[in-house]
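I set down here what I looked up in the structure shown below, entry by entry.

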Amino acid sequence: MLDVLIAGAGPAGAIAARALALRGARVLLIDRETFPRDKLCGDTLNPGAIELLREVNLTGGALAMGLPIAGMRVTGPGASVVARYRDDRRGVSVRRRDLDLWLLNQAVAAGVRFEPGLTAQSALTVDSADFVAVRGLVIRDRSGVVTRMPASVTIAADGRRSAVARSVGLGANPASPRRWAYGAYFHADNPAPEAVIGEMHVRAGWYAGAVRVPGDLINVCVVVDRPPAGLQPIELMRSFLRRDPELSRRFATAEPVEPVSVLGPLAVDASSAGLPGLFLVGDAAGFVDPMTGDGLNLAMRGALVAADEAMRVLESGDWTGAVERLNVRRQQVLGSKLRFNRWVRRLTASSAGVYAAGLAAAVAPGIVRKMIVEAGDAA
Ligand SMILES: Cc1cc2nc3c(=O)[nH]c(=O)nc-3n(C[C@H](O)[C@H](O)[C@H](O)COP(=O)(O)OP(=O)(O)OC[C@H]3O[C@@H](n4cnc5c(N)ncnc54)[C@H](O)[C@@H]3O)c2cc1C
């Protein structure tokens with residue numbers, strides 16, 4: 001039997017798989033897609049994510065192909081604040097198709113077996129009246145054949161819409177907020193600077209992120225509260241970009257180089273990061289909001305914590321207390337940042353909050369600079 005079966009080969013799945021294989025576990029990583037594949041994202045790794053990758057000896061590769069990020073510009077109604085990271089702290093902008101392929105290749109190089117084109121339909125469960133445990137996954141291949149694949153430890157890394165977490169009642173979209181993301185790449189008509197500044201433009205009811213990425217492109221993501229129905233994605237993006245003079249001038253009539261991608265609703269709550277036999281990692285374990293730009297850092301940190309716990313279970317053969325330990329550890333490692341992210345989400349959920357934040361930024365930009373550094377895990 002497999003030691004570990006992981007559904008989803010995004011950053012969380014790949015880094016958990018690699019960590020476990022390096023410690024001698026037999027790991028099978030599956031994904032419904034073939035890599036490289038695209039993923040709607042702001043394409044930024046914040047300084048905290050770069051530090052984490054360095055800690056696990058992942059440098060060079062896709063990171064070296066990316067553009068260094070030296071800070072962030074945040075604008076609001078009547079305010080614009082630039083915060084630069086310390087000289088020794090840099091983020092990186094890199095397209096997710098390149099980042100994710102590189103991380104996956106690092107996992108395979110560490111001994112992970114990877115099988116693309118396999119969709120996890122649900123957890124393989126053992127149920128009794130008062131007890132549910134997971135013993136692997138129910139998998140469907142591209143020709144529609146469904147099989148049961150047992151494993152000592154199962155890890156759900158299958159993203160925000162995790163079929164595995166939902167099959168055991170652990171993940172759901174909350175009733176509020178209901179935000180959707182629209183993402184596209186536009187041509188940049190000037191050479192890339194040596195280090196780029198990411199942008200976040202926060203307005204009442206919506207916000208837009210923009211960053212220069214390799215390949216003379218600008219990644220633009222627009223996130224909207226309950227988007228109006230009936231508009232094509234590109235028209236919807238333009239209708240919001242037109243509301244702001246600067247964004248309108250830069251993007252409202254530009255043609256994206258690829259079709260617009262759409263995702264939503266974005267927020268996901270998970271009541272626990274697992275149950276006996278199963279750990280959830282990355283967005284499958286919960287997702288707050290992309291505004292703070294730290295999803296990858298949180299996803300990979302949570303994945304490494306779960307990999308530690310999985311190793312402990314493999315060595316002891318005992319699941320007693322494992323899920324509780326993982327929940328406590330996640331709180332210790334991620335809790336304060338998740339609370340900060342929820343606070344930012346609440347603040348920007350109302351027009352009054354956005355205008356108050358704009359006013360605060362105008363009179364006390366230092367507070368906003370601190371928040372930008374906090375969001376970037378760059379203190
Ligand atoms: C609009 C937007 C912008 C963002 N911008 C940023 C940013 O700039 N910086 C940042 O740090 N974070 C950002 N994030 C957050 C970041 O994208 C996520 O936190 C990150 O992708 C989580 O990684 P993951 O591995 O958990 O999931 P994913 O990257 O979603 O990977 C999940 C993998 O699982 C596979 N999969 C899905 N379902 C199944 C299934 N049933 N069976 C098998 N495989 C399956 C998918 O194909 C995919 O490869 C953004 C998010 C959004 C929505």
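**Strand β15 and its partners**

I began with the pairing of strand β12 (residues 179-187) and β15, which run antiparallel and are joined by nine bridges. Two strands count as paired if DSSP finds at least two bridges between them. Helices (H or I, at least four residues) and strands (E, at least two) are DSSP runs, numbered from the N terminus. I note for the record that this is a predicted model, in which local features need pLDDT of at least 70 and side-chain atom pairs count only at pLDDT 80 or more, while totals for chains, interfaces and linings use all residues. Residues are numbered from 1 along each chain as its sequence is written.

Which residue of β15 is the bridge partner of Ala184? I found Val220 in that place. On β14 (residues 206-213), I saw that pairing with β15 is again antiparallel, over eight bridges. Trp206 stands opposite Val224 of β15.

I then checked the cover of β15 (residues 217-225): eight of its nine residues are buried. A residue is buried if 20 or more other C-beta atoms lie within 10 Å of its own, exposed if 12 or fewer, and partly exposed in between, with C-beta atoms placed from the backbone.

β14 and β15 form a hairpin with three residues between them, and Gly215 in the turn has a positive phi of about 90 degrees. Asp216 lies in the loop between β14 and β15. Phi of Asp216 is near 55 degrees, a positive value in a residue other than glycine. I counted 15 other C-beta atoms within 10 Å of Asp216, which is therefore partly exposed.

**Loop between β2 and β3**

I looked next at Asp43, found in the loop between β2 and β3. Asp43 is not a glycine, yet its phi is positive, near 65 degrees. Is Asp43 buried or exposed? Asp43 is buried, because 29 other C-beta atoms lie within 10 Å.

Pro36 has its place in the loop between β2 and β3 (44-45). The peptide bond joining Phe35 and Pro36 is cis, with omega about 5 degrees. I logged another cis peptide bond from Ser176 to Pro177, with omega near 0 degrees. Pro177 lies in the loop between β11 (171-172) and β12.

**Domains**

The domain assignment of the chain gives domain 1 (2-39 + 95-174 + 267-347) and domain 2 (44-91 + 179-264 + 349-379); such bounds come from an automatic or database domain assignment. Taken over C-alpha atoms, the centres of domain 1 and domain 2 are separated by 27 Å. The contact takes 21 residues from domain 1 and 27 residues from domain 2, where two residues are in contact if their C-beta atoms, placed from the backbone, lie within 7 Å.

Which helices supply the side of domain 1 that touches domain 2? I listed α4 (96-109), α8 (295-316) and α9 (322-347), each with at least two residues there. By class, this side of domain 1 has ten nonpolar, four polar and seven charged residues. Ala, Val, Leu, Ile, Met, Phe, Trp, Tyr, Cys and Pro count as nonpolar, Asp, Glu, Lys and Arg as charged, and the others, Gly among them, as polar.

α4 has 14 residues and reaches 19 Å from its first C-alpha to its last, close to the 20 Å expected at 1.5 Å a residue. The expected span is 1.5 Å times one less than the number of residues of the helix. Among the buried residues of α4 I noted Leu99, Trp102 and Leu103. Their cover includes α1, β2, α3 (61-65) and β7 (113-116).

α8 has 22 residues and reaches 32 Å, close to the 32 Å expected. Just after α8, Gly317 has a positive phi of about 70 degrees.

**Ligand shell**

I found 38 residues around the ligand, the closest being Gly8, Gly10, Gly42, Gly282 and Gly295. A residue counts as near a molecule if its C-beta atom, placed from the backbone, lies within 6 Å of it. Which element gives the most to this shell? α8 does, with four residues. At least two residues each come from elements including α1 (11-22), β8 (119-128) and β12. The shell has 17 nonpolar, 13 polar and eight charged residues. Domain 1 and domain 2 each contribute at least three residues to the shell.
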